[in-house]
Amino acid sequence: MRDEQAFLEYVQGGGQVETTDWMPDDYRAKLVKFIEMHGNSELMGVLPEREWILRAPTLQRKLALTAKVQDEVGHAQLIYRVAEDLGKPREQCLADLVDGKAKFHNVFHYPTKTWGDVGVIAWLVDAAAIISQKALLKCSYAPYARIMKKICWEESFHILHGRDVILAMVTGTPEQFELVQEALNRWWGPLMQFHGNPIPKEDDPMYVWRIKSQGNEEARQQFLEGYVPQIWELGLTVPDPNLRRGDDGVWQYTEPDWAELKHVVTGHGPRTEDRLSFRRRFLDQERWVRDTVLAA
Amino acid sequence: MIWEVFRQERKGQPFEHAGSVVAPDAEFAEAWAREQYGRRGESIGLWLVPRDAIHDVEDWADEFDLKYRRVDGYSIKARLKEARERAAAARAG
């Protein structure tokens, strides 16, 4: 099969592709872009949480947070390996990341002010992420779909850990409850932007090639349907007066700030520069490890 | 060097392709694969195979039309219908 139209019909019919199969250049380019951004997000996503390892309230929390950071760096390794097989070496992905040429998810550009933020990230940011990742289990590129099994499996543990952190705080002192509410207020905007603008999925090249198996708005609706009731039942308030579930089961909400999303993911988030310079420093400092291992 | 990783979840189940690791030798590949695919007891066995050692077969031309070896080579529906009708007609006599 070396015909772009036939390939398109094949993947749209649920067909999957292996590394050694022929694929159109545009498909390969879109895959690399998508997978690279995912890898970058895993790698950058540990930084907001890493900042709290030393400040975790108990030893148990410190260990759990360390394990989660370790898992996510592991996910980045798996994902970059897939990108590498498609023709973009890991070193190049890392170089483009620290040079600000490649993107990572909006939520990892923001500060982690309190332990409440750590809980909200681990519970709700991971919940939003797992909705996207579960949809990748059906990705038309099979090697990516396969590693997603392990990734989703570990993410479920992360969500539970996050929920446990949140539950401990909402059943604690009024100050602890307030820390969660404040963190939720800070994160709601970025969370609603997370799945992207609601373009029809037929116009989304990532869906057309069946790299993603669902549209942006579908993913957001799934997030709202699954998690808003869980937020409400804890007595927390979602900071959107227009948020409600319509009689048709569709969630209505205030239009997310798409300008903010664009501004942040193009490298202008409140913590973008700090976190990239952190990565840059470590990439440089630990070059000898990579050189030694790969030269052995 | 690229190593393909196959993992077995439980005794008796097939080894399934899980992903790959880059490592200079088998010992390093093992350490790496254990970390990536066995940290929480999700595997009871791993096979690590150098990618270059895999002989890939994916050309399945059927130029001799070997359908008679498979179930999809036999379409009995129409004949069965006819046979039943004949038998019914014979019985009716």
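**Group meeting: a two-chain model**

Hi everyone, let's start at Gly87(A), which follows H3(A) and has a positive phi, near 115°. Helices here are DSSP runs of H or I, at least four residues long, numbered from the N terminus. Do keep in mind that this is a predicted model, where local features need pLDDT of at least 70, side-chain atom pairs count only at pLDDT 80 or more, and totals for chains, interfaces and linings use all residues. Residues are numbered from 1 along each chain as its sequence is written, while chains are lettered from A and ligands numbered from 1 in the order in which they are written.

Back to H3(A): its 27 residues should span 39 Å at 1.5 Å a residue, and its end C-alpha atoms are 40 Å apart, which agrees. That expected span is 1.5 Å times one less than the number of residues.

The largest nonpolar core has 60 residues, and Ile79(A), Leu124(A), Ala128(A), Tyr144(A) and Leu191(A) touch the most other members. By such a core I mean buried Ala, Val, Leu, Ile, Met, Phe, Trp, Tyr and Cys residues joined through C-beta atoms within 7 Å; buried means 20 or more other C-beta atoms within 10 Å of the residue's own, with C-beta atoms placed from the backbone. H5(A) gives the most to this core, 12 residues.

And where do the chains meet? The contact, counted when C-beta atoms placed from the backbone lie within 7 Å, takes 10 residues from chain A and 10 from chain B. Helices H3, H6 and H12 of chain A each give two or more residues to chain A's side. Thanks, all!

Terms used:
Contact = placed C-beta atoms within 7 Å. Buried ≥ 20, exposed ≤ 12 C-beta atoms within 10 Å, placed from the backbone.
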